[in-house]
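Work through the exercises below with the sequence and the coordinates at hand. Each task is followed by a worked solution.

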Amino acid sequence: MPTLSESQSRLLVSEAGIPVSNWETTDSTQEAVSLARNLGFPVVVKVCGDEIAHKTERGLVRLNLNTEEAVQEAADELLSSVTVDDGEVTLLVSEQIRGNRELIVGLVRDEQFGPCVMLGIGGILAEAVADVAFRLAPLSRSEASDLIDDLSMQSLLDSFRGEPAVDREALINILCALGDLGSDQEVLSVDLNPLIVANGVPIAVDALVETVEG
Amino acid sequence: MTRDLLPLFEPKGIIIAGVSSHPGKFGFVVLHNILSCGYNGNVFAVGRESGMLLDQPVLSSINEVPNGSADLLVVCTPVQANEELIRSAAQLGVKAVFMVTGGYSEAGGVGVEAEKRIVELSNELGLVVAGPNGQGIVSTPMDLCAQIVAPYPPKGRISVASQSGNFVSAFQNYANQYGVGISRAVSAGNAADTSIADYLEWFADDKETDVALCYVEGLKNGREFFERIKDVTKRMPVIMVKGGATSGGQRAAASHTGSLASDGRIFNGMARQAGITHARNIESAFEAAATFVTQPLPSGGDTLVLTTAGGWGVITADAITNHRDLNLIQLPEDLMDSINEMLPPRWSRNNPVDLAGGETRDTIPDLLEVSAAHPSIDAIIQLGLGIQGNTASLTKSGPFYPDHGLERIVDFHERQERRYAEASIEASIKHQTPVLVASELATADPSNPMVAAVRESGRLCYASADRAVESLGHLVRYRHWLNIQE
């Protein structure tokens, strides 16, 4: 299945009303530096392209870049590690969102049940704890709220390590917006992994949209 | 649109095709069970061996059945005979067919094609076809037991639809064990023409059904099932067990019913979204159904524990605290004051309300009354009953009974047990507050007068506090779901 580039994916979900960390793309190292300056440090720089899916595994993501020099160095390295197989690529520069909690949300199409919205606890232990729940799309607000209640680790959604509780209304908005994307037959799946909870507000810092062939 | 399944569950007359004189064959057993359980309508046995069978003449052809005298056909004949048989039955005025016969889609190959033809035939003739490869139908309002297996359950208001016939039997066995009865029960078999959703929709409109209980393995169209069941659960609680939720179970299910079970997590989310009471096993599914059908629906999860046994109180407090839909409510001040007047000063002064021996003052009925009446208490779990009845039982079985003045104390204990049980039911009904009585005596000694009295009231006496908590949790979740429907 064809995937949209991260930048196109971000654009699609952001137009659907889902908050995404601010970003820009560029071909050049020099411009990456000026974009970083405009976005404000620290920033993240990643390789962005239709063929690039597993960025982290391939080391195509650089986090916590605090200076212009660091951005320049990272951008040079990233561009040099790209191969011909990766197709056309750009550099994606985005603001670095900070928060101690991560969530995963997504839209999948199940053979039996059609479009389904997924919500899960993210972060490095996400796979091990496997705290995820599904609902059939589209979702009413009360159904989205009940999806949140379905997670086992409710305490992670309360105030946590000096951060306020997760903004429930904001999360409901995201879940409903994802559910509504289910009616777009072009969209096969959406993966927002992770959403970082910044001061209580969940913001997507990565996006991957799969589309239907052709 | 709800299909008309009335001829299936309330037939005026029944034709059994494929009866056999061999008491081990399905055709014999179905006829035997229909004739033995009290069904009042016409019964026609059709088979190859003419003569009398169970005092019933055996007709050599279905065409010997008088026109318009039967509306249900039970099919025990082989695959190749059935299309012609069903056509003839339709001409006689038959509206519904139950197909026991196996060898259809579950067998693969030509069976799949044969099953397709049965579905086409049912559409063409406007029939309801249940099965094939099913164990049968039970309909206690009609005293009807048209199944190839046992048991026949007591009358009640739970209706069962199952993709496994064995689980129809299992639910009926529990109904016999616990005394909470069944209304309709159907083994859906391969569900070729009539699906679990069809049965559930009809149950929701059925005046003899209050609660549906079902077992599901695979769904042919999950999204459609969801949309339809969501509407059923708004009108009636639906308790469901899903088989094949793990990959191992899925392989077993695939070979079992010919349809693939789908991802467990998505199914779980779907069930919760549709307001389905999703039970984790067969036993807890039956207990949940029995709870829905006999207890009032609580308005929330604030639960009070009344106990005469400290340990059980503690365990139950843990179970409630760990349950995400229940809350071990802090005792309201005014209730505390009322209880202070009833119990000796050493009572727990907390939830669980541990009577600390205060029951000897005969306060249990009053305590139940004030607790069930309190607006902040949504539900009560009552523990520790049966102790006096148990003492009476041991006394009665000993060598000193009925001498030594033991008769009076035995009578007293037994009377008290009945009173406690009756008081809990009375308070529950009067104030529409669920009161779940739990004691291991429910299974350890069902003749205990407390257990017997709960059972006589039509309610379930829970075999453990944890099982009562689980069932109560299902009621609270369902109430919450009803509340959030727009």
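**Exercise 1.** Which residues in H5(B) meet which residues in H10(B)?

Solution. The model is a predicted one.
Step 1: on the H5(B) side, list Phe167(B), Ala170(B), Phe171(B), Tyr174(B), Ala175(B) and Tyr178(B).
Step 2: their partners in H10(B) are Ile282(B), Glu283(B), Ala285(B), Phe286(B) and Glu287(B).
Step 3: sort the residues of this contact by class, which gives 9 nonpolar, no polar and 2 charged.

**Exercise 2.** Describe how the axes of H5(B) and H10(B) cross.

Solution.
Step 1: take helix H5 of chain B as residues 165–178 and helix H10 of chain B as residues 282–294.
Step 2: their axes come within 10 Å and cross at roughly 55 degrees.
Step 3: angles under 35 degrees count as roughly parallel, and 65 to 115 as roughly perpendicular; H5(B) and H10(B) are therefore oblique to each other.
Step 4: for the hand, H5(B) passes H10(B) in a right-handed crossing.

**Exercise 3.** Characterise the contact of chain B with chain A.

Solution.
Step 1: count the residues in contact, which are 21 of chain B and 23 of chain A.
Step 2: the two chains bury about 1,900 Å² between them, with 48% of that area on carbon and sulfur atoms.
Step 3: of the area that chain B buries against chain A, 34% is supplied by Arg223(B), Ile266(B) and Gln273(B), more than any other three residues.

**Exercise 4.** State the domain layout of chain A.

Solution.
Step 1: domain 1 covers 22–95 and domain 2 covers 101–211.
Step 2: over C-alpha atoms, the centres of these two domains of chain A are 26 Å apart.

Definitions and conventions
Residues numbered from 1 in each chain as written. Chains lettered and ligands numbered in written order. Predicted model: local features only at pLDDT ≥ 70, side-chain atom pairs only at ≥ 80, totals over all residues. Heavy atoms only, no water. Domains from an automatic or database assignment. Axes fitted to C-alpha atoms, helices over the stretch in contact; angles between N-to-C directions. Helix = DSSP H or I, 4+ residues; strand = E, 2+ residues; numbered from the N terminus. Parallel < 35°, antiparallel > 145°, perpendicular 65-115°, else oblique. Left-handed = near helix turned anticlockwise from the far one by under 90°. Contact = heavy atoms within 4.5 Å. Nonpolar A, V, L, I, M, F, W, Y, C, P; charged D, E, K, R; others polar. Buried area = accessible area lost by both parts, 1.4 Å probe.
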